[in-house]
Amino acid sequence: MPTWNELFTDELYVNRIPESEVNHFVDVLEMLFSERPLRLWDVCCGGGRHTIAMAQRGHKVYASDNAPNAIRLTQEWISSLNLEVYLELADMTVCPWPEMGFHGAISWDSLYHNTLDNMKKAVSEIHRHLLPGGLFMCTLMSTKSDSFVWGCGQQVEPRTFILEDSADAGVPHHFCDESEVRELFRDWEYLSLAEQVITYLERGKNFLDYNPFPFTKWGVLVRKIS
Ligand SMILES: C[S@@+](CC[C@H](N)C(=O)[O-])C[C@H]1O[C@@H](n2cnc3c(N)ncnc32)[C@H](O)[C@@H]1O
């Protein structure tokens, strides 16, 4: 069962196209803060698509991931570009820039690769490192997602599973219901909490290997209360 570090040796699993939501997130931050450049943290940066998209907007981007291959891929990508990006190998529960205060942080499709307890630690570390009024945006897996509803492999704690039938089968996946999301972000002000529901009416053989559509997930946009 592969880890993310192993998956990143195959270009198939390196996503190069940034999500449009991240661009919108930077628009909102630029409206809220007049300081330039903004300091932004990409938590669990993967191959660097959002790190680079945010740095190309002229901001100072700090990116961390616990997979050495993620850091290597992001480093290789930025080396040909003149961008202000700082990279560190780190677990999501630790900010590798201890003195830093960020205007914004994102963690796209990543925070749920952990136990609930560690997800709480990660959210609290992000909260600690944001400036008052700073924003955090993330996605989380929902208990309405197909993997949860149709069976999720080996359970390691309530709603955390090591999946058996997806490319990232070796890594934990935690599925949140609404009350859990609300508990995770109880110290924050919500700007938006969305459950993006996708219902698959047909699932072909080895569906997860080629399905291009997103799974049912939570979209969370929150602000650190000043
Ligand atoms: C689905 S990928 C998403 C990558 C990136 N955020 C993106 O949108 O392209 C999940 C990422 O989470 C990282 N990850 C998983 N568990 C982690 C942990 N405990 N600490 C730090 N990074 C972790 C993986 O290495 C991988 O880069």
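How many disulfides does the count come to?

Mentor: The model is a predicted one, and the count comes to 0 disulfides. Cysteine 138 is in no disulfide, and the nearest cysteine sulfur, which belongs to cysteine 176, is 8.7 Å away. Cysteine 138 is buried, with a relative accessible area of 1%. Cysteine 176 is likewise in no disulfide, and its nearest cysteine sulfur is that of cysteine 138, at 8.7 Å. Cysteine 176 is also buried, because its relative accessible area is 0% and buried means under 20%.

Another cysteine takes us to the ligand. Cys44 is among the residues that come nearest to the ligand, along with Arg49, Asp65, Met92 and Trp108, out of 18 residues around it. A polar backbone atom of cysteine 44 is 2.8 Å from a nitrogen atom of the ligand. Methionine 92 also uses its backbone: one of its N or O atoms lies 2.8 Å from a nitrogen atom of the ligand. With arginine 49 the side chain is involved, as one of its polar atoms lies 2.7 Å from an oxygen atom of the ligand. The ligand taken alone exposes 590 Å², and the protein buries 92% of that. The shell of residues around the ligand is made up of 8 nonpolar, 6 polar and 4 charged residues.

Next comes histidine 50, which lies in helix α3, residues 49-55. Histidine 50 is buried, because its relative accessible area is 4% and the limit for buried is under 20%. A polar atom of the histidine 50 side chain lies 3.1 Å from the backbone nitrogen of glutamate 19. Leaving aside residues up to four places away in sequence, histidine 50 touches Pro18, Glu19, Val22, Asp42, Ile106 and Trp108. One of these, Trp108, is also among the residues that come nearest to the ligand.

Leucine 130 is found in strand β5, which covers residues 130-142. Leucine 130 is buried, with a relative accessible area of 4%. Its contacts, not counting residues up to four places away in sequence, are Phe102, His103, Gly104, Ala105, Leu135, Phe136, Trp188 and Lys224. Leucine 130 and tryptophan 41 are 89 residues apart in sequence, and their C-alpha atoms are 9.3 Å apart in space.

Some backbone details in the loops remain. Arginine 36 and proline 37 are joined by a cis peptide bond, with omega about -10°. Proline 37 is found in the loop between α2 (20-32) and β1 (39-43). Aspartate 109 has a positive phi, near 50°, and is a residue other than glycine. Aspartate 109 is found in the loop between β4 (102-107) and α5 (116-128). Arginine 159 is not a glycine either, yet its phi is positive, at about 65°. The loop that holds arginine 159 runs between β6 (154-157) and β7 (160-162). Arginine 159 is partly exposed, with a relative accessible area of 26%.

Terms used. Residues are numbered from 1 along each chain as its sequence is written. This is a predicted model: local features need pLDDT of at least 70, side-chain atom pairs count only at pLDDT 80 or more; totals for chains, interfaces and linings use all residues. Side-chain values use heavy atoms; hydrogens and water are left out. A residue is near a molecule or strand if one of its heavy atoms lies within 4 Å of it. A polar contact is a pair of N or O atoms within 3.5 Å; within protein, one must be able to donate a hydrogen and the other to accept it, and residues adjacent in sequence count only if both atoms are side-chain atoms. Accessible areas come from the Shrake-Rupley method with a 1.4 Å probe; for residues, only the protein chains shown count as cover. Ala, Val, Leu, Ile, Met, Phe, Trp, Tyr, Cys and Pro count as nonpolar, Asp, Glu, Lys and Arg as charged, and the others, Gly among them, as polar. Helices (H or I, at least four residues) and strands (E, at least two) are DSSP runs, numbered from the N terminus. Buried means under 20% relative accessible area, exposed over 50%, partly exposed in between (1.4 Å probe, protein chains only). Contact means heavy atoms within 4.5 Å. A disulfide is a pair of cysteine sulfur atoms within 2.5 Å.
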